[in-house]
Amino acid sequence: MDLNMNLNAPHSMGTTIIGVTYNGGVVLGADSRTSTGMYVANRASDKITQLTENVYVCRSGSAADSQIVSDYVRYFLHQHTIQLGQPATVKVAANLIRLLSYNNKNMLETGLIVGGWDKYEGGKIYGIPLGGTLIEQPFAIGGSGSSYLYGFFDQAWKEGMTKDEAEQLVVKAVSLAIARDGASGGVVRTVIINSEGVTRNFYPGDKLPLWHEELEPQNSLLDILNSSSPEPMNI
Amino acid sequence: MNFMDSKQPESGLLGPESDSQRTLYPYVTGTSVVALKYKDGILMAADMGGSYGSTLRYKSVERMKPIGKHSLLGASGEISDFQEILRFLDELILYDNMWDDGNSLGPKEVHNYLTRVMYNRRNKFNPLWNSLVLGGVKNGQKYLGTVSMIGVNFEDNHVATGFGNHLARPILRQEWHENLSFEDGVKLLEKCMRVLLYRDRSAVNKLQIAKITEEGMTISQPYSLKTHWELSAFQNPTQGAVGSW
């Protein structure tokens with residue numbers, strides 16, 4: 001039923017976000033670029049937001065929309081935790097996000113990845129794209145940068161990775177996306193959630209691997225000229 | 001901080017209605033569902049793809065679900081709306097069970113309920129963006145019906161949604177007959193699904209076939225179909241007309 005050919009999805013949603021399950025928990029990852037048109041408004045933003053002690057969400061798309069949805073869900077989950085008397089499950093958090101995303105689908109433009117650990121199901125990742133579909137996945141990618149990662153994950157993903165393997169995969173993937181997506185950039189942030197707790201990591205732009213046609217960063221041309229053999233500048 | 005423009009449609013003719021919601025377009029969509037009546041009940045097939053525009057984004061989406069004891073619902077179109085429909089039906093079945101009167105909603109009743117829901121949403125210009133296939137067996141009576149996002153509904157011996165309307169139904173018209181065996185039914189569905197795989201861009205090679213009979217409903221594990229590319233004509237397509245494209 002094609003009543004409307006205005007279907008040029010995926011929309012450009014400046015960001016790369018990733019959530020990956022591993023043998024014992026989840027690893028969430030994101031870039032740190034927030035853009036207003038062509039200008040980078042914030043080059044070090046934190047797109048991985050806490051909902052509860054054990055559940056985090058990666059935000060993409062409209063910054064305002066993703067922030068307000070996170071705030072509401074954090075508020076609901078807080079009350080839910082008090083009433084329940086124990087930590088909320090990842091599934092509940094994801095469903096609350098879904099509820100807001102689905103019921104306001106005409107107004108919101110945000111794609112979210114919910115990830116966390118609870119004692120019933122262990123590590124879980126839920127993707128909630130535009131429209132408010134809820135889909136549980138072993139790994140999820142989102143944002144405009146994710147277009148460049150479908151092939152990468154098809155090849156590199158495997159079941160039952162260790163925590164370090166999973167984190168390395170996430171960092172590599174975000175870094176690859178940053179290399180090709182203008183709307184992604186800055187640092188790679190990761191959050192690891194398992195039975196032991198939550199670990200935040202930070203990989204600054206200059207510590208990431210170099211890809212095709214990228215060069216080792218230098219302080220100055222002068223250093224290059226001074227260090228190498230007396231070869232005059234030759235253009 | 002993306003510059004977000006209003007998602008509401010602008011039209012000077014709308015007037016006060018412009019505050020109300022209307023669904024404009026789907027995001028994550030499922031493609032065709034094909035179903036037929038056979039000797040013991042209904043067979044239904046759907047692939048497990050969830051497309052996001054032209055990207056084949058999700059490849060493990062279950063687009064067929066059991067409803068109550070007697071029915072099976074398959075959906076194409078927007079997956080979030082299908083998930084919402086499942087919630088409506090959950091509530092419907094729950095209330096039906098709470099009567100505890102020995103009666104249970106059969107496929108005909110569920111189909112009617114879905115028709116009302118879809119048509120009423122269409123009238124409010126806020127459709128659930130799905131084409132649904134509802135099949136089941138109750139008291140020996142087989143039932144197979146379909147409802148679209150604009151409320152068009154009918155029942156038949158074989159139905160299909162989306163591309164299946166164009167590619168599967170002609171095959172079914174030709175080869176379906178009363179009292180198909182389970183094996184013949186499955187082969188016929190697979191024939192349809194294979195054609196869809198060749199010719200539907202949003203098809204994904206991972207499908208499930210569901211069966212519902214008086215005894216109950218089973219849904220197969222996900223599996224893939226073999227495809228055939230070894231035709232001699234494919235090897236050298238321009239052989240017969242040198243210089244052509």
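**Helix pairs and their surroundings**

Modeller: In this predicted model, H1(A) and H2(A) lie oblique to each other, a word used for angles that are not under 35 degrees (roughly parallel), not over 145 (roughly antiparallel) and not 65 to 115 (roughly perpendicular). Residues are numbered from 1 along each chain as its sequence is written, and chains are lettered from A, with ligands numbered from 1, in the order in which they are written. Local features need pLDDT of at least 70 and side-chain atom pairs count only at pLDDT 80 or more, whereas totals for chains, interfaces and linings use all residues, and side-chain values use heavy atoms, with hydrogens and water left out.

Helix H1 covers residues 63–84 of chain A and helix H2 residues 90–103, and their axes come within 10 Å and cross at roughly 135°. Helices here are DSSP runs (H or I, at least four residues), as strands are (E, at least two), numbered from the N terminus. The axes are lines fitted to C-alpha atoms, for helices over the stretch in contact, and the angles run from 0 to 180 degrees between N-to-C directions. The crossing of H1(A) and H2(A) is right-handed, which is to say that the near helix is turned clockwise from the far one by less than a right angle, anticlockwise being left-handed.

On the H1(A) side the contact (heavy atoms within 4.5 Å) is made by A:Val69, A:Tyr72, A:Val73, A:Phe76, A:Leu77 and A:His80, which meet A:Val92, A:Ala93, A:Leu96, A:Ile97 and A:Leu100 of H2(A). These residues divide into ten nonpolar, one polar and no charged, where Ala, Val, Leu, Ile, Met, Phe, Trp, Tyr, Cys and Pro count as nonpolar, Asp, Glu, Lys and Arg as charged, and the others, Gly among them, as polar.

The crossing of H3(B) and H4(B) is right-handed. From H3(B) the contact draws on B:Phe163, B:Gly164, B:Leu167, B:Ala168, B:Ile171, B:Leu172 and B:Glu175, and from H4(B) on B:Leu188, B:Lys191, B:Cys192, B:Val195, B:Leu196 and B:Arg199. In this contact of H3(B) with H4(B) there are nine nonpolar residues, one polar and three charged.

With a disulfide taken as a pair of cysteine sulfur atoms within 2.5 Å, the count over all chains is zero.

As for the setting of the second pair, chain B holds five helices and 13 strands, and 46% of its 245 residues count as buried. One of the residues in contact with B:Tyr38, beyond neighbours within four places in sequence, is B:Phe182, and others include B:Leu180, B:Ser181, B:Lys211 and B:Thr213. B:Tyr38 itself sits in strand S2 (residues 33–38) of chain B and is buried because its relative accessibility is 2%.

Notes: Buried means under 20% relative accessible area, exposed over 50%, partly exposed in between (1.4 Å probe, protein chains only).
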